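Please keep the sequence and the coordinates at hand while reading.

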Amino acid sequence: MNTQEITIAGGSKSPLKVKRFGYGTMRLTGEGIWGEPANRHEALQILQRCIQSGINFIDTADYYGEDVTNRLIAEALYPYPAGLVICTKVGGARKPDKSWVPFNRPEDLRSSIENNLRTLKLDQISLVHFRVLAGSDVPFKESMQAMFDMQKEGKILHVGVSNVGPDELKTAMAMGNIATVENMYGHAQRSSVSLAHGGETRGGEEVLAICEQNEIPLVPYFSLFQSMPKKDNRIPAIAKKYNATDAQINLAWLLHRSPWILPIPGTSSLKHFEENLKATEIELSEEDMMFLE
């Protein structure tokens with residue numbers, strides 16, 4: 001895998017260095033991001049291939065499944081290799097009808113952190129994103145203060161935010177050190193959009209400049225989920241030039257878009273995982289990037 005490293009929380013006493021290409025586990029669950037994977041053996045294989053291929057940043061959440069991805073990670077990788085950063089999210093939960101709801105009161109966030117620690121078999125989580133979900137009646141500052149309180153207690157090493165706009169990001173940064181931002185971002189969908197299952201989903205374009213100015217990695221989610229169904233004749237043209245797939249060019253575009261973008265493409269297919277990895281070997285030219293702009 002040909003990727004540079006990126007530093008998370010570079011100004012802190014405990015910076016983390018990871019390869020600038022990670023893996024998101026959401027697709028390892030069953031249909032509707034619920035229940036056990038259709039192919040458990042392949043799911044475990046993918047996680048093991050992450051380590052073998054040099055990936056050392058894995059994104060998860062205890063509401064994937066529920067708890068399915070956390071348990072798969074522990075089963076496949078525990079005891080964890082040195083340098084592996086497991087990043088999780090709190091702030092949301094699933095109802096029995098599989099809907100997504102806010103779970104962001106201080107006591108809720110504490111419950112989620114304790115659950116993540118237990119299922120991942122960790123004493124401290126290296127990085128936790130507070131995920132903003134639509135429909136909450138809890139003030140953003142109240143949730144963020146709970147996150148920083150648990151950081152002081154040592155349960156969380158670094159705090160990040162997810163699905164935030166510029167104002168929320170600036171508010172969080174004024175309260176404490178924000179290590180990373182996880183927003184939706186891909187070639188075909190860069191700005192905020194309303195999605196059926198989660199209300200307003202904030203795009204990365206609105207916060208990328210703030211991230212770059214403050215050396216905060218932007219971790220894009222839905223980079224392929226949103227981009228692949230949208231036909232853009234420019235992507236296939238560049239894919240043909242490099243004898244690559246459309247997905248590989250989408251990922252290569254992210255890697256070239258900014259040195260502060262840390263892609264985490266997810267898949268439940270080992271074949272697609274290997275294809276995604278090859279995106280790190282594609283060197284897009286300035287002309288390619290201008291064409292794709």
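Is tryptophan 253 buried or exposed? In this predicted model, tryptophan 253 is buried, with a relative accessible area of 0%.

## Aromatic pairs

A pair of aromatic rings is described by the distance of the centres and the angle of the planes. The count comes to 7 aromatic pairs in this model. Among them, phenylalanine 130 and phenylalanine 140 form a tilted pair, with 6.0 Å from centre to centre and 45° between the planes. This pair links distant parts of the chain, since phenylalanine 130 belongs to strand β8 (residues 125-131) and phenylalanine 140 to helix α4, 10 residues apart. Phenylalanine 130 is buried at a relative accessible area of 2%, and phenylalanine 140, with a value of 15%, is buried as well because the cut-off for that class is under 20%.

Tyrosine 185 sits in the loop between β10 and β11 (193-195), whereas tryptophan 253 is part of helix α8, so the pair ties together parts that are 68 residues apart in sequence. Tyrosine 185 is buried, with a relative accessible area of 0%. Elsewhere, ring pairs join Tyr63, Tyr64 and Trp100 into a cluster.

## Packing of α7 and α8

Helix α8, which spans residues 246-257, packs with helix α7 (residues 234-241) at an angle of about 100°, and the two axes are 9 Å apart. The angle makes α7 roughly perpendicular to α8, because values from 65 to 115 degrees fall in that class.

On the α7 side the contact is formed by Ile235, Pro236, Ile238 and Ala239, which meet Asp246, Ile249 and Asn250 of α8. By residue class, the contact of α7 with α8 divides into 5 nonpolar, 1 polar and 1 charged.

## The two faces of α5

Which residues of helix α5 are buried? In this helix, which covers residues 166-175, they are Glu168, Leu169 and Ala172. These residues lie on the same side of α5, because they cover an arc of only 100° around the axis. The elements that cover the buried residues of α5 include the helices α4 (140-153) and α6 (205-213), together with β9 (156-162) and β10 (178-184).

On the face of α5 turned away from its buried side are the exposed residues Asp167, Lys170 and Ala174.

Notes: Residues numbered from 1 in each chain as written. Predicted model: local features only at pLDDT ≥ 70, side-chain atom pairs only at ≥ 80, totals over all residues. Heavy atoms only, no water. Buried < 20%, exposed > 50% of the residue type's maximum accessible area, 1.4 Å probe, protein only. Helix = DSSP H or I, 4+ residues; strand = E, 2+ residues; numbered from the N terminus. Arc of directions from axis to C-beta. Contact = heavy atoms within 4.5 Å. Axes fitted to C-alpha atoms, helices over the stretch in contact; angles between N-to-C directions. Parallel < 35°, antiparallel > 145°, perpendicular 65-115°, else oblique. Nonpolar A, V, L, I, M, F, W, Y, C, P; charged D, E, K, R; others polar. Phe/Tyr/Trp six-rings, centres within 6.5 Å; stacked < 30°, edge-to-face > 60°.
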